[in-house]
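Here is a short note for a colleague opening this structure for the first time. Please read the points with the model on screen.

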Amino acid sequence: MWSTMQDEPLTITQLLRYGTTVTASSQVGTWTGSELRAENYAELGRRCARLAHALRGLGIDGDQRVGTFMWNNNEHLEAYLTVPSMGAVLHTLNIRLFPEQLAYVIDHAEDQVILVDASVAPLLNKILAQCPTVRHVVVTNGPVGAVEAPAHITVHSYEDLLAAGEDEFGWPEIDERAAAAMCYTSGTTGNPKGVVYSHRSIWLHSAQVCMSDGMQLSGADNALVIVPQFHAMSWGMPYAAMMVGASLVMPDRFLQPEPLAAILAATKPTMAAAVPTIWQGMLAQLEAHPQDISHLRQVVVGGSACPPAMMHKFEEVHHVPVIHAWGMTETSPLGSVARPPAGVTGDEAWDYRYTQGRFPAGVRARIVGDDGAERPWDGSAVGELEVRGPWIAGAYYRPDEGDPEEKFRDGWLRTGDVGKISADGFLTLTDRSKDVIKSGGEWISSVDLENAIMAHPAVAEAAVIGVPDPKWDERPLVAVVPKEGEQVDLAQLREFLAEHVAKWQLPEHWAFIEEVPKTSVGKFDKKRLRAQHAEGSLNITDFQ
Ligand code: AMP
């Protein structure tokens with residue numbers, strides 16, 4: 001028997017319509033370096049209609065891909081809403097990719113139009129000649145002269161195109177299962193892989209972002225969106241904001257601690273989201289230049305394990321709760337959020353908050369051992385995390401090209417993350433499967449060691465990798481970045497660590513480094529650290 005309910009498709013068009021009419025007075029603003037360049041959602045709606053006319057004029061009339069090579073800003077939000085609502089597919093390009101990877105993903109997705117911020121045009125210029133599918137480049141926030149295009153590409157001014165458009169657009173009917181947006185993720189091997197979100201997956205994920213036990217985004221929020229729009233769709237905040245009318249603050253290219261502190265002071269956001277490295281930098285900034293940030297009712301941290309020491313500092317010194325979350329590009333990205341269950345307080349609540357969080361109803365999870373067998377949810381059995389659900393990828397774009405890492409198995413996404421799950425559904429990750437240190441048949445969590453070392457007051461950052469060992473197979477090596485102006489003695493630091501970890505886990509190899517290398521999305525780049533170790537460029541002190 002079928003239901004008697006209407007079959008209204010869950011589309012981004014619906015979010016665009018709601019956000020720009022019912023919550024028309026909410027606003028999105030972009031930081032210019034000294035102030036906020038804001039537009040309210042009514043204006044946003046009109047500019048989206050104008051952009052749609054412009055893109056139609058450039059031949060976007062079906063599911064063609066429109067790339068964006070932009071910072072988080074007003075224009076990027078306009079593209080986020082317009083491109084999928086026209087029935088086309090938004091392809092967010094990571095401005096920090098190596099040129100060859102960038103050319104590869106543009107070609108693989110067959111982008112026809114690229115919107116580019118003038119400030120990053122020089123990066124795009126390098127590879128446009130290798131992009132045969134691209135026919136138009138549209139320049140935002142700067143002169144068209146910023147783009148040097150080969151003959152097959154026409155360059156346009158974004159504002160000129162919008163000026164020629166109209167305030168209304170006849171948005172088409174769209175199947176909720178159709179592609180809305182795509183984002184490439186860098187695997188451990190081979191080329192980047194495309195994750196293609198549907199209207200439906202984005203709609204359902206947006207609801208999860210807004211849920212009280214999710215990221216809790218509400219119409220009362222003014223949210224600072226630090227996670228790049230080219231990284232896992234800014235963790236879904238731009239679309240979720242349209243669902244509830246939350247206002248957004250976009251930092252544009254001002255992502256260093258000092259300008260971020262200025263943005264906080266000027267715009268007083270009520271929530272913000274970013275990877276731990278951003279918040280570590282912010283803590284150091286606030287230590288040097290104290291500032292009240294208690295207007296933030298929460299900050300959401302994910303993308304890498306959040307060091308507990310950082311959570312305590314934010315809460316105890318700055319009165320801002322840090323909410324830990326886990327996810328990946330393939331999971332839209334929200335997979336779990338660490339909010340303690342009802343009635344739990346004190347240290348027990350902290351123990352819940354340190355975890356990667358609890359799975360929501362939309363995410364089914366299991367952990368699987370090396371033998372492929374499912375392991376129990378008992379808080380101690382460890383295995384690879386696998387997930388499924390309506391906003392979890394079931395394949396990469398062009399599955400006929402094969403799945404070199406066999407990321408999908410029987411309808412489950414193999415996350416490559418290793419961890420355990422408690423009986424009440426909280427996930428604790430111990431490592432990436434490729435980062436776990438295999439020592440004498442036992443596994444050492446690089447993340448546990450990093451968290452313990454980063455709790456030392458003189459340590460700014462620490463990264464741990466496994467290095468080959470003739471006796472144990474692998475042993476941990478610690479790369480330490482001391483805080484500016486602090487003297488750190490490695491032997492003493494090792495003694496400090498010995499108080500927190502089992503003796504057999506205590507690393508013998510230590511090195512000071514100036515900075516932990518970071519990936520294009522700001523995570524610790526252990527691949528590069530391993531390469532530095534292999535080429536002998538780390539100055540290592542060995543303990544016995
Ligand atoms: P990306 O697709 O670039 O967002 O990367 C996803 C990966 O980031 C996950 O598979 C995890 O390895 C890692 N990650 C995300 N959130 C967390 C977290 N809270 N703790 C530890 N690792 C995380």
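1. Where is Gly 59 found? Gly 59 sits in the loop between helix 2 (41–57) and strand 3 (65–69). Helices (H or I, at least four residues) and strands (E, at least two) are DSSP runs, numbered from the N terminus.

2. A word on the basis. This is a predicted model: local features need pLDDT of at least 70, side-chain atom pairs count only at pLDDT 80 or more, and totals for chains, interfaces and linings use all residues. Residues are numbered from 1 along each chain as its sequence is written, and side-chain values use heavy atoms, with hydrogens and water left out.

3. Gly 59 is partly exposed, with a relative accessible area of 28%. Buried means under 20% relative accessible area, exposed over 50%, and partly exposed in between (1.4 Å probe, protein chains only). Not counting residues up to four places away in sequence, Gly 59 touches Gln 64 and Arg 135. Contact means heavy atoms within 4.5 Å. The C-alpha atoms of Gly 59 and Gln 112 are separated by 8.9 Å, although these residues are 53 apart along the chain.

4. Next, helix 9 (residues 257–267). Its buried residues are Pro 259, Leu 260, Ala 261, Ile 263, Leu 264 and Thr 267. They pack against strand 1 (27–31), strand 2 (36–40), strand 10 (222–225), strand 11 (247–250) and helix 10. Just after helix 9, Lys 268 takes a positive phi of about 45°.

5. Is His 295 buried or exposed? His 295 is buried, because its relative accessible area is 17%. His 295 lies in the loop between helix 10 (276–288) and strand 13 (298–301). Leaving aside neighbours within four places in sequence, His 295 is in contact with Leu 264, Lys 268, Pro 269 and Thr 270.

6. Now the cores. A nonpolar core is a set of buried Ala, Val, Leu, Ile, Met, Phe, Trp, Tyr and Cys residues joined through side-chain atoms within 4.5 Å. The largest has 67 residues, of which Leu 81, Met 215, Leu 217, Tyr 239 and Leu 248 touch the most other members. Helix 2 provides the largest share of this core, eight residues. Apart from it lies another core, of 56 residues, among them Val 249, Leu 283, Ile 293 and Phe 314.

7. One residue deserves a look. Leu 248 touches residues including Gln 27, Val 28, Tyr 41, Leu 77, Asn 222 and Met 237, not counting residues up to four places away in sequence.
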